[in-house]
Amino acid sequence: MVDENLSGASDAAAMNALTYRFPAENLTALSHFYRGEMARANVWRQKMDMTTNWAVITTTALISVAFGNPTTTHLVLPFGSLLVFLLLNIEGRRYRFFDLWRTRTRMLEVHFLVPAIYHKQRLIEGNWREVLCNDLLTPAYKISYWEAVGRRLHRNYIWIFLILLAAWIMKVLVHRDPEVSTWDAFGIEGLVGPGVVIAGGAIFYAFLFTLLIITISIREATGEVRRKDPNRKVWPV
């Protein structure tokens with residue numbers, strides 16, 4: 001009986017603390033708003049996954065075509081790298097939309113759900129209400145385009161590009177004419193010299209690795225899930 005009374009008193013204190021921060025008439029609106037923003041984030045997350053699937057399917061299909069017939073030109077694989085790069089840019093754009101909705105949900109989770117669950121938690125709320133209202137009036141991306149592209153490159157696409165590069169080299173080495181040197185095999189006889197093809201590939205992959213290195217340390221995405229600090233005994237909020 002005593003435990004029930006303590007539990008009831010604790011629940012009442014939690015509700016009073018939540019009502020103190022948010023008037024009762026606003027709780028329902030905030031709850032629906034959170035669900036709506038979460039649904040938006042999930043939709044754009046699914047769109048990102050769909051683009052990654054397109055990239056994987058494209059890579060698999062081109063490798064099958066390249067190795068399925070020895071007479072198939074090896075340039076289908078560099079062409080595939082360009083297609084995958086196009087998909088990377090599309091996914092970067094989608095990531096910016098996903099980050100917009102996810103940032104809003106993280107803001108509500110920290111400043112709305114946390115005090116609802118643990119009313120004793122002392123929070124430095126700052127001006128998050130004003131920030132959220134301004135963002136609703138004039139929505140804006142929270143991260144740059146190149147950071148978004150760099151994040152998707154770091155997480156998924158760099159491995160796809162490396163597979164295409166390895167497949168390209170293997171295609172040339174395995175299916176080249178024995179009478180043609182390895183260097184000359186990278187070109188198209190009478191059309192494109194090997195130096196042009198190799199230089200183009202080197203520039204393309206140098207650009208990818210430069211983008212990867214430059215964007216790997218950028219942390220503007222506030223909702224990005226990161227590893228827990230081992231020195232902390234609680235989850236960072």
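**View 1. Aromatic pairs, starting with Phe97 and Tyr141.** In this predicted model, nine aromatic pairs turn up, counting Phe, Tyr and Trp rings (six-membered ring for Trp) with centres within 6.5 Å. Phe97 and Tyr141 make an edge-to-face pair, with centres 5.3 Å apart and planes at 85 degrees (edge-to-face is over 60 degrees, stacked under 30, tilted the rest). Phe97 belongs to helix α3 (residues 76-117), while Tyr141 sits in the loop between α4 (128-137) and α5 (145-175), so the pair ties together parts 44 residues apart in sequence. Helices here are DSSP runs of H or I, at least four residues, numbered from the N terminus. Phe97 is buried at 18% relative accessible area, whereas Tyr141 is partly exposed at 37% (buried is under 20%, exposed over 50%, partly exposed in between; 1.4 Å probe, protein chains only).

**View 2. Trp146 meets Phe207.** This pair is edge-to-face too, with centres 6.4 Å apart and planes at 80 degrees. Trp146 is in helix α5 and Phe207 in helix α7, 61 residues apart. Both rings belong to one aromatic cluster, along with Phe85, Tyr145, Phe161, Phe204 and Tyr205.

**View 3. Charges over Trp rings.** Arg40 puts its charged end over the ring of Trp101, 4.3 Å from the centre; Lys47 does likewise with Trp44, at 4.0 Å. The rule asks for Lys NZ or Arg CZ within 6 Å of the ring centre and within 35 degrees of the ring normal.

*Notes.* Numbering runs from 1 along each chain as its sequence is written. Local features need pLDDT of at least 70 and side-chain atom pairs 80 or more, while totals for chains, interfaces and linings use all residues, and side-chain values use heavy atoms, without hydrogens and water.

Notes:
Helices (H or I, at least four residues) and strands (E, at least two) are DSSP runs, numbered from the N terminus.
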